[in-house]
Each structure stands twice: as structure tokens, then as C-alpha cells.
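Reader: Can we go through this model piece by piece? I'll ask, you answer.

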Amino acid sequence: MKLKIFVTVLLVVCVGAIFLLKSNNNGGNVMAAAESTTKVNGGKKVLVAYFSRTGEQYNVGNIKEGNTAIIGKMIADKTGGNIFEIKVEKDNYPKGYTALTEYAQKEKRANERPAIIGKVDNFADYDTIFIGYPNWWADMPMPVYTFLESYDFSGKTVIPFCTHEGSGLSGTERNVKTVTKADVKKGLAIYGHIAQNSRTEADKKVSDWLKELGF
Ligand SMILES: Cc1cc2nc3c(=O)[nH]c(=O)nc-3n(C[C@H](O)[C@H](O)[C@H](O)COP(=O)(O)O)c2cc1C
């Protein structure tokens with residue numbers, strides 16, 4: 001009889017211990033999910049928003065990952081930032097390079113604001129927003145204007161980065177400033193073919209620039 005009671009108590013204790021361990025693990029997962037919504041870097045919450053295209057691009061052939069996307073992911077990796085990819089609702093951009101340049105030129109001349117998919121969750125929580133884009137006709141692609149005009153950037157730090165094939169940022173930092181009225185920091189311009197084909201070199205450029213900015 002005594003043995004029966006002892007075994008029953010032991011069983012209850014074991015089941016209880018397993019239950020406690022399990023619920024602690026679940027707690028950890030919830031925490032991890034909460035942290036991944038807005039990551040923290042030295043107390044600063046960082047967002048990396050970018051627009052980038054795949055398909056045929058200048059100097060790199062047919063690419064599966066956009067040049068700017070590659071740099072955007074490096075920045076997010078190094079700063080612990082969250083990524084928001086700026087994508088248009090109606091994607092009519094041609095996959096061929098020449099056709100894309102013509103399409104983009106018309107879009108720019110018409111000063112269009114193509115609608116973009118989705119919204120950044122909890123935008124107000126972010127202190128620093130990196131904004132990335134390919135240099136298109138010495139300017140930002142029009143969907144980037146749509147994005148910048150969709151949020152209140154007052155009191156925030158905005159840091160532009162672009163990929164290009166010779167023109168650098170083409171003064172787009174000024175346009176970012178005009179639209180956001182934020183504190184706009186020194187941008188990074190990096191050749192698209194370097195981003196695509198020389199990752200180590202690109203990685204070093206990104207790291208050096210981030211260090212200069214205090215990250
Ligand atoms: C529509 C269009 C216009 C472009 N205009 C310029 C330009 O004015 N100056 C420049 O240096 N590169 C220009 N490029 C090259 C892109 O900036 C470069 O290939 C970039 O890395 C593409 O990035 P993505 O793969 O992220 O879209 C242009 C490319 C396209 C498609």
C-alpha cells in the first residue's frame with residue numbers, strides 16, 4: 001500500500017515537472033516572436049525598407065536577387081533591423097532591362113505614385129529607417145516616393161542607400177530630406193555589380209559605412 005502511494009506521488013511530481021518545463025519553453029517562443037517584431041540596436045529600433053528588382057539588370061545579366069535587396073539584407077543583418085520590401089500592387093515592370101528603363105522613364109515623367117503592398121507594422125516605434133533603392137534615371141524609383149509619403153518621419157533618423165552603375169546617389173539624399181523632413185544621414189552608394197558579384201567587397205563597404213554612422 002505504502003509503495004502504491006509513493007509511486008503515485010512520484011508520478012504526479014514527474015508529470016508536474018514536465019508540464020512546467022514545457023510551459024517555460026512556450027514562454028520563450030512567445031518572447032522571441034515579440035522581439036522579432038522590432039529589434040533593438042543600442043536602444044534604437046531599426047527598419048530597413050528597400051525597393052529592388054530581379055530580372056535583367058545592367059552589367060549583371062538575369063538576376064534572382066536584386067542588387068539593392070542584397071545590400072538591404074546586409075544592413076538588416078548588421079544592425080538587427082527589420083526588413084520591409086517595397087513592392088507595387090500592380091507589378092507591370094518589364095523583366096528586360098531596356099524595356100524596364102523605358103517604362104521607368106515614363107513613370108518618372110508622369111510623376112506617378114504607384115500603390116504599394118502592405119504597411120509597416122508599428123512604424124511609430126522605429127527610430128532609424130534605412131531606405132534603399134536602385135538609382136533610376138538619377139532619381140529614386142517612384143514607388144519609393146509612395147513609401148516615403150505614406151508615413152510620418154518627424155523626429156526620426158533616415159539613412160539612404162542605393163545601388164547604381166556609375167551615377168552614385170545622384171543627390172537623392174536631398175529628395176529624401178525634402179519628402180521626409182527627417183534627420184537624413186550620409187548615404188551609401190554601391191555599384192550594383194559589386195553587390196551582386198563581389199559580396200566580400202560589398203560587405204566591407206557596408207560595415208565601414210555603418211561604423212562611420214556609429215553602428
Ligand atoms: C530604369 C533604370 C534606370 C537606371 N538609371 C540609372 C542611372 O541613372 N544611373 C546609374 O548609375 N544606374 C542606373 N541604372 C542601373 C541601376 O541603378 C543598377 O543596375 C541597380 O543596381 C539595380 O538595382 P536592383 O537590382 O536593386 O533593382 C538604372 C537601371 C534601371 C533599371
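Author: Trp 137 counts as partly exposed, because it has 14 C-beta neighbours inside 10 Å. The classes use C-beta atoms placed from the backbone: a residue with 20 or more others within 10 Å is buried, one with 12 or fewer is exposed, and partly exposed is in between. This is a predicted model; local features need pLDDT of at least 70, side-chain atom pairs count only at pLDDT 80 or more, and totals for chains, interfaces and linings use all residues. Residues are numbered from 1 along each chain as its sequence is written.

Reader: Where is Trp 137 found?

Author: In the loop between strand 6 and helix 4. Helices (H or I, at least four residues) and strands (E, at least two) are DSSP runs, numbered from the N terminus.

Reader: And what about the phi of Trp 137?

Author: Positive, about 50°, although Trp 137 is not a glycine. Most residues other than glycine have a negative phi. Ala 138 also has a positive phi, about 60°, and is not a glycine. Ala 138 lies in the loop between strand 6 and helix 4.

Reader: What does Ser 170 touch?

Author: Asn 135, Ala 138 and Asp 139, leaving out residues up to four places away in sequence. Contact means that the C-beta atoms, placed from the backbone, lie within 7 Å. Ser 170 and Asp 139 are 31 residues apart along the chain, and their C-alpha atoms are separated by 6.7 Å. Ser 170 itself is in the loop between strand 7 and helix 5. It counts as partly exposed because it has 18 C-beta neighbours inside 10 Å.

Reader: Leu 169, then: buried or exposed?

Author: Buried, because 21 other C-beta atoms lie within 10 Å of Leu 169. Its place is in the loop between strand 7 and helix 5. Leu 169 touches Pro 160, Cys 162, Gly 187 and Ala 189, again not counting residues up to four places away in sequence. Its C-alpha atom is separated by 5.7 Å from that of Ala 189, 20 residues apart along the chain.

Reader: On to helix 5. Which of its residues are buried?

Author: Helix 5 covers residues 172-180, and its buried residues are Thr 172, Val 176 and Thr 180. They line one face of the helix, because they fall within an arc of 65° seen down its axis. The arc is that of the directions from the helix axis to the C-beta atoms. On the other side of helix 5, Arg 174 and Thr 178 are exposed.

Reader: What covers the buried residues of helix 5?

Author: The cover includes strand 6 (128-134), helix 4 (142-148), strand 7 (157-164) and strand 8 (183-184).

Reader: And what follows helix 5?

Author: Lys 181, with a positive phi near 55°.

Reader: Which strands does strand 6 pair with?

Author: Strand 2 (residues 44-50) pairs with strand 6 in the parallel sense over five bridges. Strand 7 and strand 6 also pair in the parallel sense, over seven bridges. Pairing requires that DSSP finds at least two bridges between two strands. Tyr 50 stands opposite Gly 132 in strand 6, and Phe 130 has Ile 159 in strand 7 as its bridge partner.

Reader: Switching to the ligand. Which residues come nearest?

Author: Ser 52, Thr 68, Pro 134, Thr 163 and Gly 192, of the 22 residues around the ligand. A residue is near if its C-beta atom, placed from the backbone, lies within 6 Å of the molecule. Helix 2 (67-79), helix 3 (97-109) and strand 7 each supply at least two residues of that shell.

Reader: What is the confidence like?

Author: The average pLDDT, the predictor's confidence in each residue from 0 to 100, is 87 for the protein, and 80% of the residues score at least 70. Over residues 11-37 the pLDDT is below 50, and this stretch has two contacts in the model beyond near neighbours in sequence.
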